[in-house]
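This report goes through a set of side-chain interactions, one group at a time. Please keep the sequence and the model at hand while reading.

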Amino acid sequence: MEDWLLQPNHYLRLWNGTQATLQLLGQAFVLGVALSLLVGVARLSKQRWIRGAALVYVEFARGISSVILLFIMVIALPILFGIRGASVMFWGSIALGINMGGYGAEIVRGAIQAIPRGQNEASIALNLSGTQRLRHVVLPQAMRIILPPMGNLTIEILKGTALVSVVGGIDLMRETQNLVSTQLAAGVAGVTTLFVNVLLIYFVIAQVINGLFRLAERALARRYEQRTGRRAVPVPEVAA
């Protein structure tokens with residue numbers, strides 16, 4: 001068992017990297033969810049130019065490589081616009097958030113379109129405005145469809161945070177690479193053990209994310225049952 005354990009100072013450095021990775025993921029998640037809702041709704045707008053602009057964003061965010069987007073955000077934009085002071089992790093979170101927003105917008109659009117048309121027509125009959133229909137009728141029902149694929153997408157973004165180390169960000173993967181260099185320079189074996197420990201850290205974080213989304217799904221299902229008096233039926237998943 002001891003062969004699979006690292007020295008205490010190694011775990012301390014991995015913990016520092018884990019905290020940076022979680023902060024990066026949290027910032028990217030907030031931006032990604034906001035963009036997903038905004039652009040997903042915009043994709044269904046009656047205004048052609050709004051739908052067009054939303055489609056351009058979605059195709060750009062999904063079509064460009066995450067690594068290229070990171071290089072553009074971290075290196076090119078600060079030089080082109082003379083922006084100084086922002087950290088690599090800040091730009092990295094924006095790049096990952098943009099990437100998540102592109103995929104998330106299509107999840108939101110598909111979920112809204114999956115709501116039966118009668119629900120929308122009934123809310124129009126009640127003289128609700130477009131914003132009220134979206135807030136009180138459509139989105140609450142669409143969230144049951146949005147959550148499962150959004151959880152998968154969040155885990156994909158977690159794995160994407162490792163790319164920030166390529167552009168100089170100090171995250172879990174960068175701390176791992178630094179420890180590998182230190183161990184190789186010192187002639188100390190155990191690189192495999194190090195990567196096994198890092199693998200377990202990413203796995204645990206992914207399972208926590210998965211558990212949080214499942215809790216949210218159950219909470220929504222209970223809320224649906226309380227409102228309707230009917231047992232919630234499984235909802236079809238929208239591919240991420």
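With which residue does Arg109 form a salt bridge? The partner is Glu106, and the closest N and O atoms of the two are 2.9 Å apart. The model is a predicted one, and every distance below is computed from it.

**Salt bridges**

Arg109 and Glu106 both belong to helix H4, which covers residues 88-114; they are three residues apart, about one turn of the helix. Glu106 counts as buried, because its relative accessibility is 14% and the limit for buried is under 20%. Salt bridges with shared partners join Arg43, Glu106 and Arg109 into one network.

Arg43 sits in the loop between H1 and helix H2 (48-63). Its side chain makes a polar contact of 3.0 Å with the side chain of Glu106. Arg43 is also buried, at 17% relative accessibility. Beyond its neighbours within four places in sequence, Arg43 is in contact with Arg51, Ala54, Leu55, Val58, Glu106 and Arg109.

In total the structure holds five salt bridges. Another of them joins Glu175 and Arg13, with 3.5 Å between the closest N and O atoms. This pair links distant parts of the chain: Glu175 is in helix H7 (residues 172-185) and Arg13 in helix H1, 162 residues apart. Glu175 is buried at 12% relative accessibility, while Arg13 is partly exposed at 28%.

| Residues | Closest N to O distance |
|---|---|
| Arg109 and Glu106 | 2.9 Å |
| Glu175 and Arg13 | 3.5 Å |

**Aromatic pairs**

The count of aromatic pairs comes to two. In one of them, Phe29 and Phe213 are edge-to-face, with 6.3 Å from centre to centre and 80° between the planes. Phe29 lies in helix H1 and Phe213 in helix H8 (residues 191-228), so this pair ties together parts that are 184 residues apart in sequence. Phe29 is partly exposed at 27% relative accessible area, whereas Phe213 is buried at 12%.

The rings of Phe90 and Trp91 have centres 5.4 Å apart and planes at 70°, so this pair too is edge-to-face. Phe90 is partly exposed, at 40% relative accessibility, and Trp91 is buried, at 10%.

**A buried threonine**

Which residues does Thr154 contact, leaving aside its neighbours within four places in sequence? They are Leu25, Phe29, Met100, Ile209 and Phe213, and both members of the pair Phe29 and Phe213 are in that list. Thr154 lies in helix H6 (residues 130-160) and is buried, with a relative accessible area of 4%. A polar atom of its side chain lies 2.8 Å from the backbone oxygen of Met150.

**A nonpolar surface patch**

On the surface, Trp4, Val196, Leu199, Leu200, Phe203, Val204, Val208, Leu212 and Leu215 form a nonpolar patch, with about 870 Å² of accessible area together. Trp4 is found in the segment before helix H1 (8-42) and is partly exposed, with a relative accessible area of 46%.

Conventions: Residues are numbered from 1 along each chain as its sequence is written. Side-chain values use heavy atoms; hydrogens and water are left out. Patches are made of residues with over 30% relative accessible area and no salt bridge: like charges are joined within 9 Å, nonpolar side chains (Val, Leu, Ile, Met, Phe, Trp, Tyr) within 5 Å. Accessible areas come from the Shrake-Rupley method with a 1.4 Å probe; for residues, only the protein chains shown count as cover. A salt bridge is a side-chain nitrogen of Lys or Arg within 4 Å of a carboxyl oxygen of Asp or Glu. Helices (H or I, at least four residues) and strands (E, at least two) are DSSP runs, numbered from the N terminus. Buried means under 20% relative accessible area, exposed over 50%, partly exposed in between (1.4 Å probe, protein chains only). A polar contact is a pair of N or O atoms within 3.5 Å; within protein, one must be able to donate a hydrogen and the other to accept it, and residues adjacent in sequence count only if both atoms are side-chain atoms. Contact means heavy atoms within 4.5 Å. Rings of Phe, Tyr and Trp (its six-membered ring) pair if their centres lie within 6.5 Å; planes under 30 degrees apart count as stacked, over 60 as edge-to-face and the rest as tilted.
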